[in-house]
Amino acid sequence: MRRFFTFIAVIISIIFLFAGHTYWKHKTTSINVEKTSVKDAASSTSKEKKQAGESKTDEEKLAKAANWPENAQAAFEKAMLNKQPLKLAIVGSKALGEEANGWSVQLQNVLADTYGDTLDVKIFQHEEQSDQFIASGHDKEVAKFQPDIVLFEPFTLNDNGSVKAEDSHENIRSFISAVQKEKEGAVVILQPPHPIHNATYYPLEVEALEKFAGDNNLPFLNHWAKWPAVENEQLRSYLLEDQSAPNEKGHEIWFTYLKEYFIADA
């Protein structure tokens, strides 16, 4: 009989031990699940906050692009959604001042400060006429960059007296065709080179360029409105001595105009 009661006692002890182990295992599992749920919830909240912050930043950048052509704004919004930089090519003559911290370099820097890695800006400066630019294949160099937007100063001053306006315009068409062959829907924005003092035919060629832009539904940025008039002797104080390019003061005028266009409320 004593052996029987001892056996029963052992069985009861085993049952209690098993029950206790099961209880603590269940309780520990519940705590771990709860901790994991809290951690996952916190991670999800943090991710949502980050996404909301990025969305707000994208909206702010898009608001700064309010002056751009509508199709350029749409391309910018799409690029940000895809986490890809929008590509902007700045193309033109010596008037860009790439080697002298001119307006093109200043614009490139301020756009980097404003838009960060959502905008990729590259400068293409060439000292030649528009027909030489095409014949040398420089249009294809720009096209290989696959820009979404091109700010194009189409060598109008270099062409002055050497290339007829209609031929210069045909070279612009050829350039646009090359760019859009590589990047469908690329937006090309035209602008004239700098003004020069006492010019006779050159201002007429710039007027013809503006008309060409209007006839072909191309945006045209006429920064000449910010410079002294071509008849004004003061204009020379904004240009190099030979008037081939702006000096530091001239680059500042040009840069300020473009900064206000590319960055709304700048």
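**Note on helix packing and local backbone features**

1. At 0% relative accessibility, Leu107 counts as buried (buried means under 20% relative accessible area, exposed over 50%, partly exposed in between, with a 1.4 Å probe and protein chains only). Leu107 belongs to helix α3; helices here are DSSP runs of H or I with at least four residues, numbered from the N terminus. Neighbours within four places in sequence left aside, Leu107 is in contact with Ile90, Leu151, Phe255, Leu258, Lys259 and Phe262, where contact means heavy atoms within 4.5 Å. Leu107 and Thr256 are 149 residues apart in sequence, yet their C-alpha atoms lie 8.6 Å apart in space.

2. On the basis of these remarks: this is a predicted model, in which local features need pLDDT of at least 70 and side-chain atom pairs count only at pLDDT 80 or more, while totals for chains, interfaces and linings use all residues. Residues are numbered from 1 along each chain as its sequence is written, and side-chain values use heavy atoms, with hydrogens and water left out.

3. The axes of α3 (residues 103-115) and α9 come within 9 Å and cross at roughly 30°. Axes are lines fitted to C-alpha atoms, for helices over the stretch in contact, and angles run from 0 to 180 degrees between N-to-C directions. That angle makes α3 roughly parallel to α9 (under 35 degrees counts as roughly parallel, over 145 as roughly antiparallel, 65 to 115 as roughly perpendicular and the rest as oblique). The crossing of α3 and α9 is right-handed, that is, the near helix is turned clockwise from the far one by less than a right angle. From α3, the contact is made by Trp103, Gln106, Leu107, Val110, Leu111 and Tyr115; from α9, by His251, Glu252, Trp254, Phe255, Leu258, Lys259 and Phe262.

4. A second pair is formed by α7 (residues 165-182) and α8, whose axes come within 11 Å and cross at roughly 40°. That makes α7 oblique to α8. The crossing of α7 and α8 is also right-handed. His169, Ile172 and Arg173 of α7 make the contact with Ala208, Leu209 and Phe212 of α8.

5. Helix α2 (residues 70-81) has 12 residues and reaches 17 Å from its first C-alpha to its last, close to the 16 Å expected at 1.5 Å a residue; the expected span is 1.5 Å times one less than the number of residues. Its buried residues are Ala72, Gln73, Phe76, Ala79 and Met80. Seen down the axis of α2, these fall within an arc of 125°, so they line one face of the helix; the arc is that of the directions from the helix axis to the C-beta atoms. On the other side of α2, Glu70, Lys78 and Leu81 are exposed.

6. Pro69 is found in the loop between α1 (2-64) and α2, and at 15% relative accessibility Pro69 counts as buried. Residues up to four places away in sequence not counted, Pro69 touches Val187, Ile189, Pro219 and Tyr261. Pro69 and Ile149 are 80 residues apart in sequence and 9.8 Å apart in space, C-alpha to C-alpha.

7. Most residues other than glycine have a negative phi. Just after α2, Lys83 takes a positive phi of about 60°. Asn217, with a positive phi near 55°, is placed in the loop between α8 (202-215) and α9 (248-262) and counts as exposed at 71% relative accessibility. Gln243 has a positive phi of about 65° and is found in the loop between α8 and α9, but Gln243 is buried, with a relative accessible area of 11%.

Technical notes
Helices (H or I, at least four residues) and strands (E, at least two) are DSSP runs, numbered from the N terminus.
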